[in-house]
Amino acid sequence: MNKKLLDQFEDFNEFVKFIDDITWEKLISPGKWTVKEVVAHLWNWDTYTLNTMLPNIKDQVKLPGFVDHDTENLKAIKKAKEFKYRESMIKTFIETRTHLVNHLHKVDHSEIRFFIGNDKLNDLIHMKDI
């Protein structure tokens, strides 16, 4: 796996650690999600990748189809509301993202590029610009 890409993916943890209470509840733009909801969204997809995709890429097993994005995104928003404290959600996000990155370091690049090496990753990495 591309080390630079994984480093950037993991660096997002450092950004998340320092989100203050005001920024946490701020909309990323009018009519869009809050920062909290974006982090929940990322956490939800990290969890999906860890639990559904990664276990199935070994030995060129056929991967399951992706779930409906809208349904999965709504689930993430619901999960965001379940966290009462910013710190607990951030801790959970960082633990999950770290676990995901550690697993991705062990995967052959040719097996994983199809779901991590896309343009959406750049959007996630550059969320720091909010």
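Predicted model: local features only at pLDDT ≥ 70, side-chain atom pairs only at ≥ 80, totals over all residues.
User: What share of the residues in the chain is buried, and what part of its accessible surface belongs to carbon and sulfur atoms?

Analyst: Of the 130 residues in the chain, buried residues make up 40%. The accessible surface comes to about 8100 Å², and the part of it that belongs to carbon and sulfur atoms is 53%.

User: How many residues of helix 3 are buried?

Analyst: Helix 3 covers residues 35-53, and with 19 residues at 1.5 Å a residue it should span 27 Å, which agrees with the 26 Å between its end C-alpha atoms. This helix is mostly covered, and the number of its 19 residues that are buried is 16.

User: Which residue does the side chain of Asn 44 join in a polar contact of 2.9 Å?

Analyst: Asn 44 lies in helix 3 and is buried, with a relative accessible area of 2%. Leaving aside neighbours within four places in sequence, Asn 44 is in contact with Glu 72, Lys 75, Ala 76 and Lys 79. Among these contacts, the residue whose side chain is joined to that of Asn 44 by a polar contact of 2.9 Å is Lys 79.

User: Is Asp 46 buried or exposed, and what is its relative accessible area?

Analyst: The place of Asp 46 is in helix 3, where, apart from neighbours within four places in sequence, Asp 46 is in contact with Phe 9, Phe 93, Thr 96, Arg 97 and Leu 100. Since buried means under 20% relative accessible area, Asp 46 counts as buried, with a value of 4%.

User: Within what arc do the buried residues of helix 4 fall?

Analyst: Helix 4 takes in residues 69-82, and its 14 residues should span 20 Å at 1.5 Å a residue, which agrees with the 20 Å between its end C-alpha atoms. The buried residues in helix 4 are Glu 72, Asn 73, Ala 76, Ile 77 and Ala 80. Seen down the axis of helix 4, these buried residues line one face of the helix, because they fall within an arc of 145°.

User: Which helices do the buried residues of helix 4 pack against?

Analyst: The face of helix 4 turned away from its buried side carries the exposed residues Leu 74, Lys 78, Lys 81 and Glu 82. The buried residues of helix 4, by contrast, pack against helix 3 and helix 5.

User: How far apart in space are Ala 80 and Lys 36, C-alpha to C-alpha?

Analyst: Ala 80 lies in helix 4 and counts as buried at 1% relative accessibility. Not counting residues up to four places away in sequence, Ala 80 touches Lys 36, Glu 37, Ala 40 and Met 89. Although Ala 80 and Lys 36 are 44 residues apart in sequence, their distance in space, C-alpha to C-alpha, is 6.7 Å.

User: How many residues apart in sequence are the parts that the pair Asp 21 and Arg 86 ties together?

Analyst: A search of the whole structure finds six salt bridges, and in one of them the side chains of Asp 21 and Arg 86 meet at 2.6 Å, N to O. Because Asp 21 lies in helix 2 (residues 21-24) and Arg 86 in helix 5 (residues 86-105), the pair ties together parts whose separation in sequence is 65 residues.

User: What separates Lys 91 and Glu 95 along helix 5?

Analyst: Lys 91 forms a salt bridge with Glu 95, with the closest N and O atoms 3.0 Å apart, and Glu 95 counts as partly exposed at 45% relative accessibility. Because the two residues are four residues apart in helix 5, what separates Lys 91 and Glu 95 is about one helical turn.

User: What share of the contacts in the chain with a separation of 6 or more is made by residues 24 or more positions apart?

Analyst: The pair Ala 80 and Lys 36, 44 residues apart in sequence, is one case in which residues that touch lie well over that separation. For contacts in the chain with a separation of 6 or more, the share that residues 24 or more positions apart account for is 74%.

Conventions: Residues numbered from 1 in each chain as written. Heavy atoms only, no water. Salt bridge = Lys/Arg side-chain N within 4 Å of Asp/Glu carboxyl O. Buried < 20%, exposed > 50% of the residue type's maximum accessible area, 1.4 Å probe, protein only. Contact = heavy atoms within 4.5 Å. Areas by Shrake-Rupley, 256 points an atom, 1.4 Å probe, with all protein chains shown as cover. Polar contact = N/O pair within 3.5 Å; in protein donor to acceptor, adjacent residues only side chain to side chain. Expected span 1.5 Å × (residues − 1). Arc of directions from axis to C-beta.
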